[in-house]
Amino acid sequence: MAKTTRDVFALVKESDAKILDLRFMDFPGLWQHFSVPVSLLGEDIFENGIGFDGSSIRGWQVINESDMIIVPDPSTAVIDPFMNPKALIMICDVVDPITKEKYSRCPRNIAQKAEAYVQASGVADMAYFGPEAEFFIFDDVRFQTNEHSGFYYLDSVEGRWNSGKDEGPNLGYKPRYKEGYFPLPPFDKFHDMRSEMVMTMIDCGLEVEAHHHEVATGGQAEIDLKYGPLVEMADHLQMYKYIIKNVAFKHGKTVTFMPKPLYNDNGSGMHVHQSLWKNGEPLFAGSGYAGLSETALYYIGGLLKHAQALIALTNPTTNSFKRLVPGYEAPVNLAYSMRNRSASCRIPMYSNSPKAKRIEFRCPDPSCNPYLAFSAMLMAGVDGIKNKIHPGEPLDKDIYDLSPEELAGVPSTPASLDEALTALENDNDFLLQGDVFTEDVIETWIAYKRENEVDPIRLRPHPHEFELYYDI
């Protein structure tokens, strides 16, 4: 990957790239792009950028203020592994053409401001994030909704539901429901494909730690990236998704990061490991509970205090709450513990090294916009540190085995996206510190989600309602 503008020009010459592919993040969380001939690449593009229509991007400008500029970041330059003719990718920042300032609703700008805020606060000079995103690889997906009908259909060569299907021949080896964790081939039918995904990621400058089959049947998988700084990690997660989807597509498969595509089996989460450092030293290592410092405990306190509002950004789809259901696999109870995966905040105990000491927030899922989700978690944690919010006593019991009386004392995540958005309405001052998130961003996020996601789902009959109520 290039680091400077000079490196970008050298990479173009070395690779013989013909196309410049400019990418940026929309408000809800999908990568967008447009391409220009590489002949347009000059020093001025890094100063003046290239114009585009901001009114066509979800959640952004109104039609009478549509002109926007994107300015490429040379440190993100890499050769695209799929496009033909060869293309050079650069991730861009979005700039207002009148004020020349970075656009307040650009998610990458919000993440950059979050990093700057932490440094300016004196709390830390580096925030590291390590997401563990899960996803499904399917062979077929069909869905449709209209005024008088609605359905979805998923299929996978790995799906346990196909154990009796005539596949000419059916060779079996289909993971049982909730028993798909770590099987060898031929149960794990996508090992080689995941390895191809990993090698493509490495070629694009991403650092990969591991890949494996996940718990659910039907092709659930996980590929783990090595932790990195907030903005860089969000950049990498977008490239990660792009590579996974395109490698699968090349093999005639389809990938989804939807949190709960299958009923009655595990959903896809994205546990996020995070830590703060200052002057090259880890701030979360200490002599307290689970080897944590007081700073780390306060960070957990901030996460737990603001968790219900955070969920509106870390689990931002109506489908997210099909996974966040009490009594099932996802951690919905807002507590912390070492090793205990039923707590929403876990302190991994794999290593005694102070450098490995970190917090794992287990609620998020991969449908989130990582720039917004990572920034929000960081702001909550720093608020906990600045205001010395202690998280209380840890909960080292299996939360799923607690008595109703004990469980009543443990707060939980919201039950729906609408509840989470209400929590965000009522608790967002911690996000506004340092002008990281603005009131406009929060209000736009809430309005967009309610108008485009909550209300459309609320208004439509659900197929299972016909099972329950048609003969009333």
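α4 and α5 cross in a right-handed way (a crossing is left-handed if the near helix is turned anticlockwise from the far one by less than a right angle, and right-handed if clockwise). This is a predicted model, where local features need pLDDT of at least 70, side-chain atom pairs count only at pLDDT 80 or more, and totals for chains, interfaces and linings use all residues. Residues are numbered from 1 along each chain as its sequence is written, and side-chain values use heavy atoms, with hydrogens and water left out. Helices (H or I, at least four residues) and strands (E, at least two) are DSSP runs, numbered from the N terminus.

**Helix pairs**

- Two packed helices are described by the angle between their axes and the distance between the axes. Here, axes are lines fitted to C-alpha atoms, for helices over the stretch in contact, and angles run from 0 to 180 degrees between N-to-C directions.
- Back to α4 and α5 (residues 230–250): their axes come within 9 Å and cross at roughly 135°. The pair is therefore oblique; angles under 35 degrees count as roughly parallel, over 145 as roughly antiparallel, 65 to 115 as roughly perpendicular and the rest as oblique.
- On the α4 side, Met193, Glu196, Met197, Thr200 and Met201 meet Tyr240, Ile243, Ile244, Val247, Ala248 and Lys250 of α5 (contact means heavy atoms within 4.5 Å). By class, that makes eight nonpolar, one polar and two charged residues; Ala, Val, Leu, Ile, Met, Phe, Trp, Tyr, Cys and Pro count as nonpolar, Asp, Glu, Lys and Arg as charged, and the others, Gly among them, as polar.
- Helices α3 (residues 107–121) and α9 (residues 370–386) pack with axes 8 Å apart, at an angle of about 25°, so α3 and α9 are roughly parallel to each other. Their crossing is left-handed.
- From α3, the contact takes in Pro107, Arg108, Ile110, Ala111, Ala114, Tyr117 and Val118, and from α9 Tyr371, Leu372, Ser375, Leu378, Met379, Val382 and Lys386. The α3 and α9 contact has 11 nonpolar, one polar and two charged residues.
- For α7 (residues 307–314) and α11 (residues 417–426), the angle is about 120° and the axes are 7 Å apart, which makes α7 oblique to α11.
- Gln308, Ala309, Ile311 and Ala312 of α7 meet Ala420, Leu421, Ala423 and Leu424 of α11, a set with seven nonpolar, one polar and no charged residues.

**The second largest pocket**

- Its lining has 42 residues, with Glu132, His271, His273, Glu360 and Arg362 nearest the centre. On a 1 Å grid over the protein atoms alone, a pocket is an open set of points where a 1.4 Å probe fits, with protein on both sides within 12 Å along at least five of seven lines; lining residues have an atom within 4 Å of a point.
- β7 (126–138), β10 (208–213), β11 (220–225) and β14 (270–278) each supply at least two lining residues, and β7 gives the most, with six.
- The lining of this pocket splits into 15 nonpolar, 12 polar and 15 charged residues.

- Most residues other than glycine have a negative phi, and most peptide bonds are trans.
- Asn84 to Pro85 is a cis peptide bond, with omega near 5°; Pro85 is in the loop between β5 (78–79) and β6 (87–95).
- Pro185 and Pro186 are also joined by a cis peptide bond, with omega about 10°, and Pro186 lies in the loop between β9 (150–155) and α4 (191–203).
- Asp16, in the loop between α1 (5–15) and β1 (19–25), has a positive phi near 60°.
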